[in-house]
Number of protein chains: 2
Amino acid sequence: MRFTSERRLDDGVLERKFTLGEIPGILWTPGAAPAPLILLGHPGGLTTMYARVEARARHAAADGYASATIELPGCGDRPRSAAAEEARADLRRAVAAGEPVDGEIVDRLVLPLVERAVPEWRATLDALLSLPEIGGPVGYSGGVIAIGVRLAVFEPRIAAAILFAGSFVPRALFEEARRVAIPLLVLLQWDDEGNDRQSALDLFDAFGSTEKTLHANMGGHTGVPRFEGDDAARFLSRHLT
Amino acid sequence: MRFTSERRLDDGVLERKFTLGEIPGILWTPGAAPAPLILLGHPGGLTTMYARVEARARHAAADGYASATIELPGCGDRPRSAAAEEARADLRRAVAAGEPVDGEIVDRLVLPLVERAVPEWRATLDALLSLPEIGGPVGYSGGVIAIGVRLAVFEPRIAAAILFAGSFVPRALFEEARRVAIPLLVLLQWDDEGNDRQSALDLFDAFGSTEKTLHANMGGHTGVPRFEGDDAARFLSRHLT
């Protein structure tokens, strides 16, 4: 892990950009150390997503958490995969035509992304937890839900996760969902135009966790109400402190 | 409205039992007046439910709210209705036999209850709002969801409602649900043994409110997690202050 830049935000949070091999990422740390850590997921394209992710990082820092994110494989400035680009184009065509999105397209798009992203997140976690300013425990929040599901199953250092049921889920992930045992808060935008509500409800049902909570709201895909940020903070504080 | 007893709880809350005609009820008021008011619904049988309702009243008082509840028609010491008792027995038989509960049974049980209970709640509200220690605005929380739905539609003094999707809903109420326009927080116990999850999700979908939030949790019918009490308080504080 190599820090490439740093700046102090006006609320005292230290923001440091880093690279881990070819993976670019950002780490935000509050004043007090060592701080528990929240991994901030996003849909890919960290430059575009920066303002929203940074707002979540500031909120986390105000509650005493460090937080970090990395760019997803094939997104932002990272090398594109021809297969993923083709799958993404097929998906967009189906959505634009108002057709149901074939599971085969979802598998082609999401499964390779999960296969690559999860080891990257885990390697990032190794590097972050070796820093003196980062302690445990670790929470995961948001982003591509299939990545969150697999991390929740296979990364034992993640103690609780907030998942956003806002992207397509390969059928194979439903079996993995049954193996999730950590506390979950699942956010669902009830009238999410680009997502299948029933599939999201089926996934919530499938999670093996004895503590799992679903929060469904109106407002479309990007319209998650502001108060859910506070609810998320309280969920994390129940499980990470 | 006639107060029949009063006592001061150890946290300074004043609890007064009252009758309004033949209807028994309880009013809890915090120190500061005039206080906004929360109507506390319950499934009927106020003596049996007292400990749980009183805990909600204390929580409300700690947040600065007055709260009140009344016994439901045909419950507690109030005169039984032969038709309602018969419908309740038919319902219990169907549930015990593991049969789907016929909509006709639900209609026989719930519709007359709603018809009688809603005017009683409204008359209680008239009486409560005439007391100097009670101000507006008014919230409604919990109890038989069909009563909450009709109150939300027809009682303009109720500014926000927390509904518990834990009881059977007559089909006719779904049409009424579309006319609900106030902010709603709907609680659903995902594995509620005595309730139909799909029907609860359909009802949430039907509500006309632009701000409606569903919180689903594990733990069976009576296992609503403690943290939902805090979430409920925050929902009410967003809409009643």
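Which helix of chain A is A:R171 found in? Look for helix α5, which covers residues 171–178 of chain A, and you'll find A:R171 there. Keep in mind as you look around that this is a predicted model.

Is A:R171 buried or exposed? A:R171 has 10 other C-beta atoms within 10 Å, and since 12 or fewer counts as exposed, A:R171 is exposed.

Helix α4 of chain A, residues 145–154, has an axis that comes within 9 Å of the axis of α5(A), and the two cross at roughly 35°. The crossing of α4(A) past α5(A) is left-handed. On the α4(A) side, the residues that make the contact are A:A146, A:V149, A:R150 and A:V153, and they meet A:L173, A:E176 and A:A177 of α5(A). Sort the residues of this contact by class and you get five nonpolar and two charged, with no polar ones.

Hop over to chain B for another helix pair. Here helix α2 (residues 82–96) and helix α3 (residues 103–129) have axes that come within 8 Å and cross at roughly 140°. Angles over 145 degrees would count as roughly antiparallel, and α2(B) and α3(B) are therefore oblique to each other. This crossing, α2(B) past α3(B), is left-handed. From α2(B), the contact takes in B:A83, B:A84, B:A87, B:R88, B:D90, B:L91 and B:A94; facing them in α3(B) are B:I105, B:R108, B:L109, B:P112 and B:L113. That contact comes out as nine nonpolar and three charged residues, with no polar ones.

So much for helices within a chain; what about the place where the chains touch? How many residues of chain A are in contact with chain B? There are 12 of them, in contact with 12 residues of chain B. On the chain A side, β9 (212–217) and α7 (227–240) each supply at least two residues. The biggest contributor is β9(A), with six residues.

Conventions:
Residues are numbered from 1 along each chain as its sequence is written. Chains are lettered from A and ligands numbered from 1 in the order in which they are written. This is a predicted model: local features need pLDDT of at least 70, side-chain atom pairs count only at pLDDT 80 or more; totals for chains, interfaces and linings use all residues. Helices (H or I, at least four residues) and strands (E, at least two) are DSSP runs, numbered from the N terminus. A residue is buried if 20 or more other C-beta atoms lie within 10 Å of its own, exposed if 12 or fewer, and partly exposed in between; C-beta atoms are placed from the backbone. Two residues are in contact if their C-beta atoms, placed from the backbone, lie within 7 Å. Axes are lines fitted to C-alpha atoms, for helices over the stretch in contact, and angles run from 0 to 180 degrees between N-to-C directions. Angles under 35 degrees count as roughly parallel, over 145 as roughly antiparallel, 65 to 115 as roughly perpendicular and the rest as oblique. A crossing is left-handed if the near helix is turned anticlockwise from the far one by less than a right angle, and right-handed if clockwise. Ala, Val, Leu, Ile, Met, Phe, Trp, Tyr, Cys and Pro count as nonpolar, Asp, Glu, Lys and Arg as charged, and the others, Gly among them, as polar.
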